[in-house]
Amino acid sequence: MTSRIPRDSRLRLVRPRPLAAAPTAVNQRRPRRPAPRPPEGTPARAELAGMARSRLAAAARVARWADAALGPGRNGATDDGKATFSDTTAERAAADLGLTPAQVRADWDTARLAGLVEVHGDSARPGWRLRAWDRDDSAVLRGWVALFDAWSLATPEPREQEPGAVAEVVSAMPQVLSFLQLSAGPVPVDQLLDLLGQRVTELRTERCEVSYGPEAATAKPEAPASSADADPAEEARAPELAPLLDWALDALASVGALTCGDGQATLTPLGSWAVWVKLEQICVAAQSPAGNIEVAAEEMLRGCAQLRPNAARAEYRAWLAARPVGSAVTELLSAARGEDALLRGLAFEALRVVGAPAEPDVSAVVEEPALRPYALLWLAEHDGADPEDAHEVLTREEATWLWVDTAAAVADHGEAPMLVRHLESAVQPTVPALLNEVRAVGHPRTVQVLVALAAAHPDPALAKAVRRAAFQVHTGG
């Protein structure tokens, strides 16, 4: 005689597998693009990391001093109790480190640009790159590339120049840097000025700008014939471009990307490698592995649902490389707010590829119930928690909510055996305990998840108990 009492099935406590790692019914294997090799003569990665460590040594020193002396609640905190560099703090750091206050402030700014410290409002905390500085070459190189990307912030722009002209030069400099990288040697600054003028002219042409200056109003009738023969690059190479190019080259030299001397500019090994990396990112973006580069985030995530983890991450990187980080993060979070739980999980996998720039936006959604567990796990891993232990930041209720949400994704997109295996990832030790807490958590997909689990489970007694729980949730019992 079969007992009507549900079996007290023990559940193994295992960490849930990411949905992106789940095997799919159709394993689509795509030819892999060969790993690109840097140009001949590029130093080894370890040597490049050593150069970056040397270049950022002063910034790392100030960041470590701030970590030790400015933590909230410590005796070394500033008067307002927050880790900010006030005049008093800068003088104290200068005394401790044997520097001037101006040097301390400059090194502090460099540390911020390189991600060695992360500033949140009026407080600062050590960045993950500082924690990994001595043992992780990738963290060091990423920090230097972040500084390289922010070169226009490293040196104050000329005050006498129009903001629009400065913006044009900043937009045009990637082409100048690419030319320097391809030249693989010193290039006369005059030649760079010609190239800069050509690029600025292209930018103005793309915006369909027409000159309405006083020269046009006072020109003689015969002027158009001579101006028509003028080189557009000469027009763009107005007097304001020369000082702006000097400013750009000085700023890039200050971050260690190039050197200037005798009227010539040369990329450093770090600068040449960084420009090559940027060019490769453009190539990756142009050759999106699964062809999702131009679509919206939701459609891109659906396309990645059928890919293996490595292929999905390559697709995320290509999609992200083709758009500004801020708008990409906003779009991913918007997709995560939808009804499809699979897209919610994949959106946060894509945000892991974004890394530190996504932290403010992820922190801002912690109070949204549907995104809270995902955001808490993302933030824990971003702060250095082992992915195997990150789930410990969740409360029992949050973990149960996440279990139901993941089960909804499996029910919608996976196979029945996968849903049955999902039982093993629950934090509750028994099926009755799981059902009680699932009913209490209030997930909007609870009924559908329990019905699907009951239909998929091979144990008749357990399936019956799950169906009963689904009916009770449906009727409010």
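Predicted model: local features only at pLDDT ≥ 70, side-chain atom pairs only at ≥ 80, totals over all residues.

Reader: What does the pair of Glu-168 and Arg-204 tie together?

Author: Parts of the chain that are 36 residues apart in sequence, because Glu-168 lies in helix 8 (residues 163-183) and Arg-204 in helix 9 (residues 189-206). Helices here are DSSP runs of H or I with at least four residues, strands are runs of E with at least two, and both are numbered from the N terminus. By that rule the chain has 25 helices and five strands.

Reader: Why is the contact of Asp-96 with Arg-92 called a salt bridge?

Author: Their closest N and O atoms are 3.8 Å apart, and that is within the cut-off, so the label holds. Asp-96 and Arg-92 are four residues apart in helix 3 (residues 87-97), about one helical turn. Asp-96 has 47% relative accessibility and Arg-92 has 37%, so each counts as partly exposed.

Reader: What makes Glu-367 exposed, and what does its side chain meet?

Author: Glu-367 has a relative accessible area of 66%, so it passes the mark for exposed. Its side chain meets that of Arg-372 in a salt bridge (3.8 Å, N to O). Arg-372 is partly exposed at 26%.

Reader: Which residues do salt bridges join into one network?

Author: Glu-298, Arg-302 and Asp-340, through salt bridges that share partners.

Reader: On to the rings. How many aromatic pairs are there, and why is the pair of Trp-144 and Phe-148 called stacked or tilted?

Author: There are three aromatic pairs. Rings of Phe, Tyr and Trp (its six-membered ring) pair if their centres lie within 6.5 Å; planes under 30 degrees apart count as stacked, over 60 as edge-to-face and the rest as tilted. Trp-144 and Phe-148 have ring centres 5.6 Å apart and planes at 15°, so the pair is stacked. Both residues lie in helix 6 (residues 137-149), four residues apart, about one turn of the helix. Trp-144 is buried at 0% relative accessible area, and Phe-148 is buried at 5%.

Reader: What makes the pair of Trp-151 and Trp-247 tilted?

Author: The rings are 5.5 Å apart centre to centre, with 50° between the planes, so the angle falls in neither the stacked nor the edge-to-face range. Trp-151 sits in helix 7 (residues 151-154) and Trp-247 in helix 13 (residues 241-254), 96 residues apart, and the pair links these distant parts of the chain. Trp-151 is buried at 7%, and Trp-247 is buried at 5%.

Reader: How do you know that the buried residues of helix 24 line one face?

Author: The buried residues of helix 24 (residues 446-456) are Thr-446, Val-449, Leu-450, Leu-453 and Ala-454. Seen down the helix axis, they fall within an arc of 130°, so they line one face. The arc is that of the directions from the helix axis to the C-beta atoms.

Reader: Why do strand 3 and strand 4 stand at the edges of their sheet?

Author: Three strands form an open sheet in the order 3-5-4, with antiparallel pairing. Strand 3 (187-188) and strand 4 (258-261) each have a single partner strand, so one side of each is left without a neighbour in the sheet. Two strands pair if DSSP finds at least two bridges between them. Strand 4 and strand 5 (residues 264-267) pair over four bridges, so they meet that rule.

Notes:
Residues numbered from 1 in each chain as written. Heavy atoms only, no water. Buried < 20%, exposed > 50% of the residue type's maximum accessible area, 1.4 Å probe, protein only. Salt bridge = Lys/Arg side-chain N within 4 Å of Asp/Glu carboxyl O.
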